[in-house]
Amino acid sequence: MAAPGENFRINGDRLWDSLMEMAQIGPGVAGGNNRQTLTDEDGEGRALFQKWCEAAGCEMGLDSMGNMFAMRPGTDVDALPVYVGSHLDTQPTGGKYDGVLGVLGGLEVVRTLNDLGVKTKHPIVVTNWTNEEGTRYAPAMLASGVFAGVHEEDWAKDRVDAKGKRFGDELKRIGWEGEEPVGSRKMHAFFELHIEQGPILEAEGKDIGIVTHGQGLSWMQLTIRGKDAHTGSTPMPMRKNAGLGMAKVLQLVDEIAWSHAPHAVGAAGHIDVHPNSRNVIPGEVVFTVDFRSPDLAVIQDMEARLKEGAQAICDEMGLTVEFEKVGGFDPVEFDATCVGALRDAAERLGYSHRDIISGAGHDACWINRVAPTAMVMCPCVDGLSHNEAEEISKDWAAAGADVLLHAVVETAGIVE
């Protein structure tokens, strides 16, 4: 397929204005957004997106998980579409760009092609995936997971939020449950534009991150039991301190992650201490160790060393320990051709770039199972995300969308 010229670029002002207008729906308390999935605010954001897509000449499709698909026709009716997109839902204290940039960047691709009168052989479909964040309904990337066959639709629709409201019921309530079967669509390729959600690109002064891999994840829950006892009257040699055992295990977790530097990471993010009283030695602790790496063998090694080391620590201290794998997914390697299209686009446009590994989960990680997929990232200030202070610049957004435009159009094929 012919590659577009270096002067072929999106309208950065229009993209930015669209981001700011969408941010007015579900405003947060500190400048960001609270547009959680399947809330009234989510429904309002969807309606605005649909309005914009239809104004751009797209036909909107909607599947039974609420995934939205806005199609710009191609010249070949038999050609599979090139999909592009991300998500419009946010964290309770989310920013204006996480996910939203990918959806509206995809819309800007369509708008730019319309402006220039460019036709493509393959249709282009701009996608909004339902419940990527997983903050109201766990797990994250829920609807793209159903699309890719990772989750069963009935199971997904039975997920409940903190107030006991079912996913399926809320999807119907806000009026965004379609009739199209989930996963029935076939894709030529899928591209996702996203903010980095990390500090690397800004720190190195790079305009663009070409995502080659997505980290795999292992969540191992440990329950360590000792004996509740008075902190003042129990002699040190007679204590069975589950809290101290956890502290030693967490030191081990840090050592294990550092041994696989620079790409592996590890920590405990969820910790419960019982009875959690000022003057009682903890008799039980429950905590989840989060290990991540783009290499499956490294994740397996970290898990094995955690089990062996934690068991040894607890045996020496007279404690018991139980292990339960409560979550995880294998690392993702994105499609070489799609990755190459993004890298070539950055080169052609003169943007500084580097390969990068995504430390967060994205819808693209699931779609990669059913279609050739790749991601492109732009920097974000201080790497801050999932926070209302999340910030990017207009130039960063435009650069990411320019690279997206070139890769999508090259893959979809310009019709001369």
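In this predicted model, helix H10 comprises the 14 residues 336-349, and at 1.5 Å a residue it should span 20 Å, a value with which the 20 Å separation of its end C-alpha atoms agrees; the expected span is 1.5 Å times one less than the number of residues, and helices (H or I, at least four residues) and strands (E, at least two) are DSSP runs numbered from the N terminus. Residues are numbered from 1 along each chain as its sequence is written, and side-chain values rest on heavy atoms, with hydrogens and water left out. Because the model is predicted, local features require pLDDT of at least 70 and side-chain atom pairs count only at pLDDT 80 or more, whereas totals for chains, interfaces and linings use all residues.

At the start of H10, a side-chain oxygen of aspartate 335 comes within 3.1 Å of the backbone nitrogen of threonine 337, while just after the helix glycine 350 adopts a positive phi of about 80°.

The unreviewed UniProt entry carries a "binding site" annotation that covers His87, Asp98 and His194; positions from UniProt are given in the numbering used here, with feature names shortened, and the annotations may be inferred rather than shown by experiment. Although spread over 108 residues of sequence, these positions cluster in space, with a largest C-alpha distance of 9.8 Å. Histidine 87 is placed in the loop between strand E3 (82-86) and helix H3 (100-116) and is buried, with a relative accessible area of 0%. Leaving aside neighbours within four places in sequence, its contacts (heavy atoms within 4.5 Å) include Asp98, Glu133 and His194. The side chain of histidine 87 also makes a polar contact of 3.0 Å with that of aspartate 89, a polar contact being a pair of N or O atoms within 3.5 Å of which, within protein, one must be able to donate a hydrogen and the other to accept it, with residues adjacent in sequence counted only if both atoms are side-chain atoms. Histidine 194, in strand E5, counts as buried at 1% relative accessibility, and a polar contact of 3.0 Å joins its side chain to that of aspartate 98.

A further "binding site" annotation in the unreviewed UniProt entry lists Asp98, Glu133 and His386. These residues span 289 residues in sequence, yet no two of their C-alpha atoms are more than 9.5 Å apart, so they gather at one spot. The lining of the largest pocket includes Asp98, Glu133 and His386, where a pocket, on a 1 Å grid over the protein atoms alone, is an open set of points at which a 1.4 Å probe fits, with protein on both sides within 12 Å along at least five of seven lines, and lining residues have an atom within 4 Å of a point. Glutamate 133 lies in the loop between E4 and H4, counts as buried at 9% relative accessibility, and has its side chain joined to that of glutamine 91 by a polar contact of 2.8 Å. Histidine 386, in the loop between E15 and H12, counts as partly exposed at 40% relative accessibility, and its side chain makes a polar contact of 3.2 Å with the side chain of aspartate 98.

Of the 97 residues in the largest nonpolar core, Met22, Phe49, Leu101, Leu104, Phe191, Ile392 and Val403 touch the most other members; such a core is a set of buried Ala, Val, Leu, Ile, Met, Phe, Trp, Tyr and Cys residues joined through side-chain atoms within 4.5 Å. Helix H12 gives the most to this core, with twelve residues. A second, separate core of 23 residues includes Ala242, Met302, Leu319 and Val321.

Arginine 46, in helix H2 (residues 40-55), is buried with a relative accessible area of 1%, and a polar atom of its side chain lies 2.7 Å from the backbone oxygen of glycine 66.

Key: Buried means under 20% relative accessible area, exposed over 50%, partly exposed in between (1.4 Å probe, protein chains only).
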